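The structure is shown first.

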Amino acid sequence: MTTGKPHLIVIGNGMAGCRAVEEILARDPDRYRITIFGAEPRVNYNRIMLSPLLAGEKSFEDIVINDLGWYADNGIELVSGDPVVAIDRVNLMVNSRSGRTEHYDKLILATGSDPFIIPVPGHDLQGVVTFRDMDDVGAMLRAADAGGEAIVIGGGLLGLEAAHGLTLRGMKVTVLHIMPTLMERQLDEAAGFLLKAALEGRGQTILTGADTAEIYGQGRVEGIRLKDGRDIPASLVVMAVGIRPNVKLARDAGLAIGRGIHVDDHLVTSDEHILAVGECVEHNGLVYGLVAPIWEMCRSLADGLIATPSGYTGSVTSTKLKVSGIDVFSAGDFSGGEGCEDIVMRDASRGVYKRVIVKDDKLIGAVLYGDTQDGNWYFDLLKRAEDVSEIRDALIFGQAFASGGGASANPNVAVAAMADDAEVCGCNGVSKGKVVTAINDGACTLDAVRACTKASASCGSCTGMVEGLLAITMGEAYAGTRDVSTVCKCTSFTHEDVRRNIIEKGLKFIPEVMQQLHWTTPDGCASCRPALNYYLLCAWPGDYVDDNQSRFVNERMHANIQKDGTYSVVPRMWGGITNPRELRAIADVVDKFNAPLVKVTGGQRLDIFGIKKEDLPAVWADLNAAGMVSGHAYGKTLRTVKTCVGSDWCRFGTQDSTGLGVKIERMTWGSFMPHKFKIAVSGCPRNCAESTIKDFGIICVDSGYELSIGGNGGIKVRVTDLLCKVVTEQEAMDYCAAFIQLYREEARYLDRTAPWVERVGLDYITARIVDDAVGREALRGRFLHSQSFMQDDPWAKRVAGEDYKLHQHLAEIRPVAKELVSV
Amino acid sequence: MTINGTWLDIGPIDQLPALGARTLPVAGGQEIAIFHTANGEVYALANKCPHKAGPLSQGIVHDTTVTCPLHNWRISLITGKALGEDDGCVPVIPVKIDGGRILIGRAEALASVV
Ligand code: SRM
Ligand SMILES: Cc1cc2nc3c(=O)[nH]c(=O)nc-3n(C[C@H](O)[C@H](O)[C@H](O)COP(=O)(O)OP(=O)(O)OC[C@H]3O[C@@H](n4cnc5c(N)ncnc54)[C@H](O)[C@@H]3O)c2cc1C
Ligand code: SF4
Ligand code: FES
């Protein structure tokens, strides 16, 4: 040919292809005659800058990496807009779409990735685009010019950047994400939640757990229907659900491929004349979708081809989201697990969440939200696998602090270094000087400091600092952190603190509570999650969306789990009364589902045992059909209202205890509480319904109703305290409702009424329920309001298909001899 | 469910509830529980608590552990070992996600089949 130099052909005029050429030229500008084929009809540009381009922060000129001058100066022939369609490995030739053929001595494949398109109906309509190259951005900009609504499918890095750009371009954007939290591969649940809140604050609608059923429209996109039936109109749909290495040419040419094109440590494929680099390759089982690893690959490729082979050993990656004003960083492994230690810091006032994961004295992962300043430092510690044991305690405070303190780094040093007039408590405007003075004046516990200065008495986020000041000021004399029962080990807040903050700050989601109240774990534990779920449910009736996965199995499955993993089913029998139709339906269920046992419970109703989780909805359907609803025998809820026969039949009966019991059960059923709650109504002081060991007990007498509270027949028997006597049935019901609401609003999760009444005292309850008529009425009003959302049968909802997955197997494996049969 | 050499494809990942689990019976063998963590990772264990055989699939999932629904043992989803004071271990079945599908180790899944 024109020169005697060997011919190097590069397929792919993108980030990896051109960088590889740059690295080769830097080592030896004269080694090869170079030709680059590019499918896109343009020069080499910075693909990652397509996001700022879409957002209007950059122009195409700004993002060009190599202009035509660069190709000319280096004697590179650029064949753009003409993709290679075949490689002939026997004759060392490539063929392009326009019919051009070229001989190569060395060939580099840098074909990048293809965006993944979910094959839902309508995916090929006009107006459905991906986000990969300039043409895609052009299509999006044209759609944005017309305004209207856009949907982005995919809440990962790419999708969120697309959504951000389209929002800035004036479109109303909805992001559909199939997973429960955004960017779940890069961020943990807590950071994902903060990100979602921030994006919603900018006007985007973010739907998580959203599964697309179809894209519809007459030739052009008109909207999307989700599998749950929701319908969202849109004139533009951006699919950003992932990428797949573009291996078509390599596969057709018979090269070894897996998920990507197989390469060795020098980026050589299974054919020694052909190399591959970038997103299209698979090295050591890994494929990459970021540029940093690609730059490392390009260096090793050039070293291997021209200089001393260095060998590529794989990359550790980190991620940053390019959405202006929202700082997100993640690196390494943050899945936690054995031997991993989580260090979490949350600064609610600045909207900061930081989590680093340490294993065997090494940093192995980091997730930062709101303050990403130390991202690079963490990433560096991570890549170098540095021993961090010396700076362990100060690690989370960042580089400046940890390196400053060196071996002696200790959070208290930072507190000691603060100026006297520096503010410690932002909520109440308390300075460090004031706190120190209070301590010197004798406030020697956190609670004492709170009482005399108000520091840390509101949101509590400065609690750590106040404790630090106690430790520094008092030295040896400080008894140490306070001894109060916190919700669990994930937090330093008490139940009361948490409940107060939920109301005062208007917190509405579990991750939001964890962030605002500085939880020290990423997603809580089996103790705090159910408690938080209940507190939120109680605080925001009708508003809060219950978190099913934060409930114990029984409440999640609406049945009681048994030792063999089957369930028992207890339909409600109002006041213990039943009839032939209900009894027949129960008998039929026992027969139909082969229930091994049916038993009369201690709560005056029937319990059907041994039902499999798959059969529960069918059992409930049959019971529902006979007019029966859930008895909530499984819940921290109203359980039973036991009654005796009362004045209708009994020769001693003074009032209609059965009728009153039924009315009370109709009023109270379905209510979630801190713990289970039992009521009984006895028709006379003989007390056949055992009213004096119930949470709320009524004993009918000639002149009215004796109301008593705080009884318990369980592990530690406690007889009720007499609250008061009332004259009418209506009063008995009103006091009952008010008492339940007081318990709902003020008791700690998993406190029965007995220990709660003992803690707060009967006098307190009397003052609130008996003496304060206005307060009682308000409590009752709040209870009935809450009940207006609680009284629909959870079984009926399951029968109608809600959460059906909880009752079905994912699949089934049936090995038949040596073969497998699929289901 | 499809069969593919050493891996069994048991379905798309979107069939797993967030922070929850689903079950996979193996005829003639032990039921398997497939877990989904907050970070979107997937793990598989024999659905049998080492304590008294409680169905782990019904526990609360947090971080990379599941708390058994029967007596609150905490089991690591990664190693299958009981954590804290408790002692015991349940078989782990390897999982990988490919193209949005859940694949589990065939040999381990069938290990309990007699
Ligand atoms: C079915 C039943 C026994 C029976 O066959 O009669 C029963 C069964 C259970 N009781 Fe009970 N209790 C039953 C009436 C009672 C009673 C009597 C009553 O309600 O009048 C008491 C004492 C009264 C009381 O609660 O004050 C009672 C005190 C307990 C306790 C101790 C509570 C305490 O405060 O100390 C527990 C443990 C707990 O809740 O933590 C408990 C827990 C349980 C659990 C839920 C154990 C568990 O966590 O799995 C049992 C579920 C078995 C199942 O799968 O169905 N059960 N349990 C009764 C159901 C009544 C109903 O119709 O809903
Ligand atoms: C919008 C967006 C934002 C991103 N943001 C970031 C970020 O912030 N940080 C980060 O690290 N990474 C980011 N990335 C990823 C990064 O851009 C890619 O990792 C990188 O571009 C991959 O380089 P590559 O050369 O392998 O593939 P590409 O850059 O895609 O180049 C491949 C080229 O080959 C061409 N080609 C394919 N087949 C043929 C053929 N048969 N013949 C000729 N030419 C062919 C293609 O047209 C393409 O131009 C982002 C990506 C996008 C799309
Ligand atoms: S007393 Fe209650 S908890 Fe104990 S074995 Fe009987 S039913 Fe179960
Ligand atoms: S069976 Fe799991 S803790 Fe007892």
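Lys642(A) is found in strand E34 of chain A, where strands (at least two residues) and helices (at least four) are DSSP runs numbered from the N terminus. The model is predicted: local features need pLDDT of at least 70, side-chain atom pairs count only at pLDDT 80 or more, and totals for chains, interfaces and linings use all residues. Residues are numbered from 1 along each chain as its sequence is written, chains are lettered from A and ligands numbered from 1 in the order in which they are written, and side-chain values use heavy atoms, without hydrogens and water.

Lys642(A) counts as buried because its relative accessibility is 9%; buried means under 20% relative accessible area (1.4 Å probe, protein chains only). Its side chain makes a polar contact with the side chain of Glu690(A) at 2.8 Å and reaches the backbone oxygen of Gly602(A) at 2.9 Å. A polar contact is a pair of N or O atoms within 3.5 Å; within protein, one must be able to donate a hydrogen and the other to accept it, and residues adjacent in sequence count only if both atoms are side-chain atoms. Beyond four places in sequence, the residues in contact with Lys642(A) include Gly603(A), Ile679(A), Val681(A) and Lys694(A), contact meaning heavy atoms within 4.5 Å.

Strand E34 (638-643) also has a part in the ligand site: this strand and strand E33 (606-611) of chain A each supply at least two residues of the shell around ligand 1. In total, 22 residues surround the ligand, a residue being near when one of its heavy atoms lies within 4 Å. By class, the shell has three nonpolar, 11 polar and eight charged residues; Asp, Glu, Lys and Arg count as charged, and Gly is among the polar ones.

| Side chain | Distance to a ligand 1 oxygen |
|---|---|
| Lys676(A) | 2.6 Å |
| Lys599(A) | 2.8 Å |
| Arg752(A) | 3.1 Å |

The interface is a separate topic. Chain B and chain A bury about 3900 Å² between them, 59% of it on carbon and sulfur atoms; this is the accessible area (1.4 Å probe) lost on being put together, summed over both. The contact takes 49 residues from chain B and 51 residues from chain A.

Note on methods:
Buried area = accessible area lost by both parts, 1.4 Å probe. Buried < 20%, exposed > 50% of the residue type's maximum accessible area, 1.4 Å probe, protein only.
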